[in-house]
Amino acid sequence: MTVNTIGHRVNIEDVELYYEYTKSFSDCLTIVFESGYGWDLTNWNTIRDDVSSFANVFLYDRDGIGKSGRSNKPKHSMQIIKNLRNLLMKARMKPPYLLVGHSFGGVNVRLFANLYPEEVAGVILLDAVHEEQNKKMVPLFAQNVQREYYGQFTVEASLEEFEESLEQVKGIDLGKTPLLVITGGSQPHHTTHSMNQWMTFQKELATLSTRSNHLVIKEAGHAIHIDETQLVIHAIEEMVSKL
């Protein structure tokens, strides 16, 4: 097997977006990875090589992150999805795509799959953000964790743009699109009450499709693909084989 990873920058609406594409030995579907808030594509390094042994892999840095440029355009999910779809087309990545979204990336892939269901073969949500979390879960954090949580919104999108993204996915579902929700069961930044709420949210995400499964990985934290790489690789491979 020859694995060929190509890195490129492409101009999308006056911003240079950086992506890397690993074409595997097969011409099966392409897995598109959406990173968590403020994370660049290197956060997938723990799993990318293994995943590229059974599928084509597309990773990129969003506007304002990593090796991509930064524009004055909004950093909410609707703009992110517009950028991503244009990037996939310019890079000549043909659908169908299996979308894998971690944390905030989960909001983005949900929106993509809802808007362009004919281009999406399946969706995997890795400890994904829920649209009600700022209202129902964050107030249950300890005060220092609340401060840390709200303090992060300077890296990529503002808090206002992040909350716009949450509004943009409210009330949408994924129809019959195959969906796998994976949740990390060991998250010490949570209180008992906030973790219970998070688990409730994760179960709700698993109801967004009529063809869904929910997997809880007990030993993993929020960055599941870094904490339990082999379990995540296996779950992705299993979904690819079903598709």
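## The enclosed helix α3

Buried means under 20% relative accessible area. The model discussed here is predicted. By that cut-off, 10 of the 12 residues of α3 are buried, so the helix is largely enclosed by the rest of the structure. The buried residues run through Phe 104, Gly 105, Gly 106, Val 107, Asn 108, Val 109, Arg 110, Leu 111, Phe 112 and Ala 113.

## Salt bridges across the chain

Side chains of opposite charge can pair when their charged atoms come close. The structure holds 10 salt bridges. One of them joins Arg 48 to Glu 20, with the closest N and O atoms 2.8 Å apart. This pair links distant parts of the chain: Arg 48 sits in helix α1 and Glu 20 in strand β2, 28 residues apart. Arg 48 has 10% relative accessibility, so it counts as buried. Glu 20, at 12%, counts as buried as well.

Glu 119 forms a salt bridge with Arg 85, and here the closest N and O atoms are 2.5 Å apart. Again the pair links distant parts of the chain. Glu 119 is in the loop between α3 and β6, while Arg 85 is in helix α2, 34 residues apart. Glu 119 is buried, with a relative accessible area of 11%.

## A loop-to-loop pair and a network

Glu 132 forms a salt bridge with Lys 170, the closest N and O atoms being 3.7 Å apart. Both partners lie in loops. Glu 132 is in the loop between β6 and α4; Lys 170 is in the loop between α6 (159-168) and β7 (179-184). The two are 38 residues apart. Lys 170 has 28% relative accessibility, so it counts as partly exposed.

Glu 13, Lys 73 and Lys 82 are linked in a network of salt bridges.

## Backbone exceptions

Most residues other than glycine have a negative phi, and most peptide bonds are trans. Asp 14 is not a glycine, yet it has a positive phi of about 70°. Asp 14 is placed in the loop between β1 (4-12) and β2 (15-23). Its relative accessibility is 72%, so Asp 14 counts as exposed.

Asp 127 also has a positive phi, about 45°, although it is not a glycine. Its place is the loop between β6 (120-126) and α4 (133-136). Asp 127 has 0% relative accessibility, so it counts as buried. The peptide bond from Pro 95 to Pro 96 is cis, with omega near 10°. Pro 96 lies in the loop between α2 (77-90) and β5 (97-102).

## A negative surface patch

Asp 49, Asp 50, Glu 237 and Glu 238 form a negative surface patch. Helices α1 (45-51) and α9 (229-242) are the elements that give two or more residues to the patch.

Asp 50 has its place in helix α1. At 36% relative accessibility, Asp 50 counts as partly exposed.

Note on methods. Residues are numbered from 1 along each chain as its sequence is written. This is a predicted model: local features need pLDDT of at least 70, side-chain atom pairs count only at pLDDT 80 or more; totals for chains, interfaces and linings use all residues. Side-chain values use heavy atoms; hydrogens and water are left out. Patches are made of residues with over 30% relative accessible area and no salt bridge: like charges are joined within 9 Å, nonpolar side chains (Val, Leu, Ile, Met, Phe, Trp, Tyr) within 5 Å. Accessible areas come from the Shrake-Rupley method with a 1.4 Å probe; for residues, only the protein chains shown count as cover. A salt bridge is a side-chain nitrogen of Lys or Arg within 4 Å of a carboxyl oxygen of Asp or Glu. Lys and Arg count as positive and Asp and Glu as negative; His and the chain ends are not counted. The place of a charge is taken as NZ of Lys, CZ of Arg, CG of Asp or CD of Glu. Helices (H or I, at least four residues) and strands (E, at least two) are DSSP runs, numbered from the N terminus. Buried means under 20% relative accessible area, exposed over 50%, partly exposed in between (1.4 Å probe, protein chains only).
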